[in-house]
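Biologist: Please take a close look at one part of this model. Start with a single site, then place it in its surroundings.

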Amino acid sequence: DSVGSLEFGTACVPVGVSRGPSPLTIGMADTIPLAVAFHEIVHSFFRGTDETKCQVKMSGEMMLSFPAGIVAVLANNPNPAKLAFRVRNTQRLNSILPNKQLVSIDNTQSATDSLVLEFSMSALSALLKRQSEQNPSASYFNVEILKYQIKPKPGANSCPFQLVSYWKCETTHTDLKIDYKYNSHAMNSPSPLLNVNVVVPIDGTVKNMQSKPSAQWLAENSRVLWKFTELSQHSENNGVGSLLARLELETGPTSPSTISTQFNCEGTTLSGIDFQLVGPGYRLSLVKRRFISGKYICDGDPKYSSGTPTPPASTVSGDC
């Protein structure tokens, strides 16, 4: 369920993310440029209108990108500058799992809201040298440094995209309403949700569909699909709205199904943790932050399944 397995791989993936001098020609006296990437994932399960039943699980990983030129610097310098860094805002995390092959926690410099970690320079040098030999043309190497679990907020407060669904299943037609809300408070800084897909499986034979806003009917796998390029606080009605569909059936009635959602978000994180270099010899050239949806699903409220498909608009409250 996490971003990756709890085992750290030693493979490094070339990625061009550094700025400044050529990554292949770093002098012994140069400050070495590093890039850091935070990648997080949120799983959510919405159950009806009761927010306390919403289940949320969030995790993430932090990677460092090293320029290929660091291999020669480490190989030719018997006493390279010690590489250490601080992870801030760790009070928002449930657990942190360092890559013990490479880094260790310095408890003397850590605090309740931050953690200082130091590299084993010999282990780092050996790993980068090995990867350089395997990929001699690579300009950069990515290395997994940390995995972590994020503390969820109460109810649906950790969910950047909140959902409630209502079904009315008749013999000749199915009425569906999905209330949604963009929640900027779930992320560290407000950023648009991108490539938002809402998918609804239908188990009857559909002969016609009316929808608002317009949805696609995917006949090959009997699904209704709504797509948004992006959704944010600058969207219509501050990112709060409803998806409506009436499906006319040849055979019915249908049964309420589990709705699934996909999206990604660039430039921010759910955790709000941050990275800071400790000591000289290195500089931070770039920080990348993103999160994605994992298993992000919604079940309808049973008490509405045979009732009205158009409950009050206040169902998705402004303080979720």
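Modeller: Thr90 is buried, with a relative accessible area of 11%. Buried means under 20% relative accessible area, exposed over 50%, and partly exposed in between, with a 1.4 Å probe and protein chains only. This is a predicted model, in which local features need pLDDT of at least 70 and side-chain atom pairs count only at pLDDT 80 or more, while totals for chains, interfaces and linings use all residues. Residues are numbered from 1 along each chain as its sequence is written, and side-chain values use heavy atoms, with hydrogens and water left out.

Thr90 sits in the loop between strand S3 (84-88) and strand S4 (93-98). Strands here are DSSP runs of E with at least two residues, helices are runs of H or I with at least four, and both are numbered from the N terminus. Beyond its neighbours within four places in sequence, Thr90 is in contact with Ile96, Thr112, Asp113, Ser114 and Leu115. Contact means heavy atoms within 4.5 Å.

Now the wider chain. The protein chain has three helices and 17 strands. Of its 320 residues, 47% count as buried. Take contacts between residues at least 6 apart in sequence: 80% of them join residues at least 24 apart.

The aromatic rings come next. Eight aromatic pairs are counted. Rings of Phe, Tyr and Trp (its six-membered ring) pair if their centres lie within 6.5 Å; planes under 30 degrees apart count as stacked, over 60 as edge-to-face and the rest as tilted. Phe161 and Phe263 have ring centres 6.2 Å apart and planes at 75 degrees, so they pair edge-to-face. Phe161 belongs to strand S8 (residues 161-169) and Phe263 to strand S15 (residues 259-266), so this pair ties together parts that are 102 residues apart in sequence. Both residues, Phe161 and Phe263, are buried.

Phe263 also pairs with Tyr296. Their ring centres are 4.9 Å apart and their planes stand at 80 degrees, so this pair is edge-to-face. Tyr296 lies in strand S17 (residues 282-299) and Phe263 in strand S15, so the pair ties together parts that are 33 residues apart in sequence. Tyr296 is buried, as is Phe263. One aromatic cluster is formed by Phe46, Phe161, Tyr180, Phe228, Phe263 and Tyr296.

Last, the cysteines. The whole structure holds zero disulfides, a disulfide being a pair of cysteine sulfur atoms within 2.5 Å. Cys298 is in none; its nearest cysteine sulfur, that of Cys54, is 9.1 Å away. Cys298 counts as buried, at 0% relative accessibility. Cys265 is buried at 0% relative accessibility.
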